[in-house]
Amino acid sequence: MPQITRHIGLSLGADICWPLAFEQILADSKLDLKLGKDSVQFACERVTLEPFPLAAGCKYDVVVDRLTHWLALRREWIKKCILMDGLYVYNNPWSVQSYEKHSSYCAMLALGMPVPKTMMVPQKNYEPKPDLDFTLKTYARLFDLGKIGEQVGLPAFMKPYDGGGWQGVTKLDTEAELRQAYENSEKWLMHVQQAVAGFDLFVRAVGIGPQVRLMKYDASQPLHGRYTTARDFCSAEEEQVMADTCLTINAFFGWDFNSCEALRKDGVFHPIDFANPCPDNQVNSIHHHWPWYVMSNLKWAVFCAATRRPMRKTLDFEPFYAIAKQELPYREKLKGYARIARERLQADAFTEFAAKHLRPLEEAATKWFQSERCMEAITKKVAHMYPAHEVKDFSARFFELVKQAVADGEHLKVAGAAPKAAVAGKEGKK
Ligand SMILES: Nc1ncnc2c1ncn2[C@@H]1O[C@H](COP(=O)(O)OP(=O)(O)O)[C@@H](O)[C@H]1O
Ligand SMILES: [Mg+2]
């Protein structure tokens with residue numbers, strides 16, 4: 001039987017905790033898959049930063065990437081490997097570069113998603129440029145911020161159009177606060193967005209390939225308390241809506257790993273922030289959910305490497321827009337979008353593959369998360385983040401949350417089943 005080794009590369013920054021889990025569980029599992037006539041094994045290594053000739057090949061089948069959104073050298077190496085060497089990477093780097101919060105709002109509004117009412121306002125100040133004065137004198141129109149507040153409706157939020165990490169986000173209860181926030185916004189291009197006031201649930205839905213996890217979020221807590229351990233906080237249909245929403249966004253933009261924040265009010269989930277390709281997956285913030293992230297990441301990486309899943313180099317929005325044009329209630333459209341998403345993300349093939357081949361990975365993970373090696377990985381991350389006198393307590397606390405999640409089988413759960421009934425909008429059908 002021909003022996004084949006598939007290579008998984010980890011493209012990392014200060015990740016520390018999850019790569020140790022990923023590497024050690026993969027090694028422990030001793031995966032050796034019988035695929036057709038081949039016996040397929042997996043090697044994993046960390047990708048280094050160095051000069052590269054454009055015409056050299058790439059040794060990896062799959063790269064799990066954490067750098068594209070901030071490190072040009074790595075992003076451009078990844079683009080080269082996709083274009084020239086058939087690399088599969090999560091996430092699509094062109095899409096990460098060009099679809100920020102603003103354009104993700106626009107696209108999902110076009111599909112009918114209940115994103116709160118949002119306006120973009122011209123910058124307060126600009127970087128000096130040779131043509132700037134002429135352009136502004138000729139074309140910039142005076143506007144009344146008070147009217148914008150009325151149009152959007154207060155309370156509202158002012159936030160950067162391409163924001164992240166809560167930087168530059170201000171809550172506005174009054175017109176005076178809106179004016180002050182604009183004064184402070186300087187050279188940032190801003191949105192004013194209606195607040196989902198009085199929401200009764202804040203959910204984060206994270207997708208890794210076709211797998212989704214829902215987490216109840218509490219933005220008022222310090223970092224380690226925001227991802228709560230709450231379970232069963234919404235109905236089965238609500239879970240399905242959020243899973244469908246998350247997969248629609250991810251497949252639309254070519255993001256394998258992304259998270260969607262949504263606020264529920266009067267039974268409707270309003271997505272407010274969903275251009276987060278490669279979201280936080282460090283144990284010190286997601287703790288209880290960390291085993292799920294690691295497990296799902298491993299399964300998707302192995303599936304993509306084993307099957308040599310082809311990278312979709314270009315995005316194709318048209319099948320989604322074709323459904324948007326139909327005379328259907330939004331929920332039916334969303335089912336149609338999610339059906340395309342699950343097809344693109346090979347949800348059925350993945351589920352079958354995982355059931356047939358990935359049990360050794362699950363067994364190795366279940367043992368690893370209860371082991372001293374897990375505690376060591378957690379401690380390394382915590383020591384990197386916390387003052388020395390807090391390391392022991394916080395590490396032990398996170399380890400307990402991790403062990404409990406694994407004992408409860410939380411790392412193996414997937415939110416939102418693929419609906420079996422035929423719904424509008426199979427890919428290609430207009
Ligand atoms: N429309 C909104 N309604 C209610 N809360 C909001 C709204 N927009 C933002 N927020 C609050 O502000 C936080 C940061 O905004 P968000 O859009 O998520 O920006 P970032 O991309 O910086 O995370 C959110 O987590 C939420 O708590
Ligand atoms: Mg956010």
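Helix α1 passes helix α15 in a right-handed crossing, and this is one of the features that can be followed in the model, which is predicted. The protein is divided into domain 1 (3–98), domain 2 (117–194) and domain 3 (201–289 + 313–412), and the C-alpha centres of domain 2 and domain 3 lie 32 Å apart. Ligand 1 is surrounded by 17 residues, and its shell draws at least three residues from each of domain 2 and domain 3.

- Helix α1 covers residues 17–29 and helix α15 covers residues 359–369, and their axes come within 8 Å of each other while crossing at roughly 125°. Because of this angle, α1 counts as oblique to α15.
- Helix α16 (residues 372–385) packs with helix α17 (residues 388–407) at an angle of about 135°, and the axes of these two helices are 9 Å apart. With that angle, α16 is therefore oblique to α17, since only angles over 145 degrees would count as roughly antiparallel.
- The crossing of α16 and α17 is right-handed, as is the crossing in which α1 passes α15.

**The sheet with strands β6 to β9**

- An open sheet is formed by 4 strands in the order β6-β9-β7-β8, and the pairing in this sheet is antiparallel. Its edge strands are β6 (118–121) and β8 (170–172), each of which pairs on one side only.
- On average, and with direction ignored, neighbouring strands of this sheet are turned by 25° against each other.
- Strand β6 is joined by 4 bridges to strand β9 (residues 190–194), and the two run antiparallel.

**The surroundings of ligand 1**

- Among the 17 residues that surround ligand 1, the closest are G163, A195, V196, A219 and D273.
- The residues of this shell divide into 9 nonpolar, 5 polar and 3 charged.
- Strands β7 (156–160), β12 (257–265) and β13 (268–273) each supply at least two residues of the shell.

- A cis peptide bond, with omega about 20°, joins Y90 and N91, and N91 is found in the loop between β5 (88–90) and α3 (93–98).
- The peptide bond from L154 to P155 is also cis, with omega near 0°, and P155 has its place in the loop between α6 (145–152) and β7.
- H287 is not a glycine, although it has a positive phi of about 20°, and this residue is found in the loop between α10 (283–286) and α11 (290–306).

How values were computed
Residues are numbered from 1 along each chain as its sequence is written. Chains are lettered from A and ligands numbered from 1 in the order in which they are written. This is a predicted model: local features need pLDDT of at least 70, side-chain atom pairs count only at pLDDT 80 or more; totals for chains, interfaces and linings use all residues. A residue is near a molecule or strand if its C-beta atom, placed from the backbone, lies within 6 Å of it. Ala, Val, Leu, Ile, Met, Phe, Trp, Tyr, Cys and Pro count as nonpolar, Asp, Glu, Lys and Arg as charged, and the others, Gly among them, as polar. Domain bounds come from an automatic or database domain assignment. Axes are lines fitted to C-alpha atoms, for helices over the stretch in contact, and angles run from 0 to 180 degrees between N-to-C directions. Angles under 35 degrees count as roughly parallel, over 145 as roughly antiparallel, 65 to 115 as roughly perpendicular and the rest as oblique. A crossing is left-handed if the near helix is turned anticlockwise from the far one by less than a right angle, and right-handed if clockwise. Two strands pair if DSSP finds at least two bridges between them.
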